[in-house]
Amino acid sequence: MLHADLYRENVPFTLDGQPVLLDPLPMTGDAAFDWAFWTIYYQVEGGTAYRLRRASRTSGIPVDDILPWCLLLSTDGLLYYEETGDPRLLQMMAVLDALLKIAATR
């Protein structure tokens with residue numbers, strides 16, 4: 001999946017009926033958001049602080065620019081997981097806790 005707005009025209013199917021998710025409309029946005037999304041959702045079950053540092057090193061974007069997006073995305077994820085009864089709720093709580101500890105030291 002390249003983008004999350006799953007309008008009907010963005011969901012073609014393979015010959016065997018599997019969805020192929022894409023968004024043909026190129027968009028430009030804050031690279032810090034993309035790195036924050038990777039930091040949070042690449043592996044929700046742990047390693048958030050490590051991925052945040054790695055995202056900063058790899059991208060050259062300061063942690064202080066990625067961290068606010070991480071906090072926003074993890075809060076949004078936490079609320080969504082709570083609302084939908086997603087079993088990853090406790091994992092996202094741990095992610096947010098780790099991020100808040102990082103934020104408190106900056």
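**Entry 1: ground rules**

I'm working with a predicted model, where local features need pLDDT of at least 70, side-chain atom pairs count only at pLDDT 80 or more, and totals for chains, interfaces and linings use all residues. Residues are numbered from 1 along each chain as its sequence is written, and side-chain values use heavy atoms, with hydrogens and water left out.

**Entry 2: the overall layout**

I looked up the secondary structure and found four helices and zero strands. Along the sequence the pattern reads α-α-α-α.

Next I checked burial: of the 106 residues, 27% count as buried. Buried means under 20% relative accessible area, exposed over 50%, and partly exposed in between, using a 1.4 Å probe and protein chains only.

Then contacts, meaning heavy atoms within 4.5 Å. Among contacts with a separation of 6 or more, 47% are between residues 24 or more positions apart.

Two packed helices are described by the angle between their axes and the distance between the axes. The axes are lines fitted to C-alpha atoms, for helices over the stretch in contact, and angles run from 0 to 180 degrees between N-to-C directions.

I started with helix α1 (residues 31-41), which packs on α2 at about 150° with the axes 8 Å apart. That makes α1 roughly antiparallel to α2. My cut-offs: under 35 degrees is roughly parallel, over 145 roughly antiparallel, 65 to 115 roughly perpendicular, and the rest oblique.

On the α1 side, the contact uses Trp35, Trp38, Thr39 and Ile40. On the α2 side I listed Thr48, Arg51, Leu52, Arg54, Ala55, Thr58 and Ser59. By class, that contact has five nonpolar, four polar and two charged residues. Here Ala, Val, Leu, Ile, Met, Phe, Trp, Tyr, Cys and Pro count as nonpolar, Asp, Glu, Lys and Arg as charged, and the others, Gly among them, as polar.

Is Thr48 buried or exposed? Thr48 is buried, with a relative accessible area of 5%. I placed Thr48 in helix α2 (residues 48-59). Setting aside neighbours within four places in sequence, Thr48 touches Thr39, Ile40, Val95 and Leu99.

Ala49 is also in helix α2, and at 26% relative accessibility Ala49 counts as partly exposed. I also checked Ala49 against Thr39: they are 10 residues apart along the chain, and their C-alpha atoms are separated by 8.3 Å.

**Entry 3: what α4 packs on**

How do α2 and α4 lie relative to each other? Their axes come within 9 Å and cross at roughly 55°, and α2 and α4 are therefore oblique to each other. Thr48, Ala49 and Leu52 of α2 meet Val95, Leu99 and Ile102 of α4. That contact has five nonpolar, one polar and no charged residues.

I then turned to α3 and α4, which pack at about 155° with their axes 9 Å apart. That makes α3 roughly antiparallel to α4. The residues in this contact include Leu67, Cys70 and Leu71 of α3, and Leu89, Met92 and Met93 of α4. By class I noted 14 nonpolar, three polar and one charged.

**Entry 4: salt bridges**

Side chains of opposite charge can pair when their charged atoms come close. The rule I used for a salt bridge is a side-chain nitrogen of Lys or Arg within 4 Å of a carboxyl oxygen of Asp or Glu. How many salt bridges turn up by this rule? I got three.

Arg106 pairs with Asp64 at 2.4 Å, N to O. This pair links distant parts of the chain, 42 residues apart: Arg106 is in the segment after α4 (89-104) and Asp64 is in helix α3 (residues 63-84). Arg106 is exposed at 54%, while Asp64 is partly exposed at 45%.

Arg88 pairs with Asp86 at 2.7 Å, N to O. Arg88 is partly exposed at 37%, whereas Asp86 is buried at 15%.

Lys101 pairs with Asp97 at 3.2 Å, N to O. These two are four residues apart in helix α4, so about one helical turn separates Lys101 and Asp97. I found Lys101 exposed at 53% and Asp97 partly exposed at 37%.
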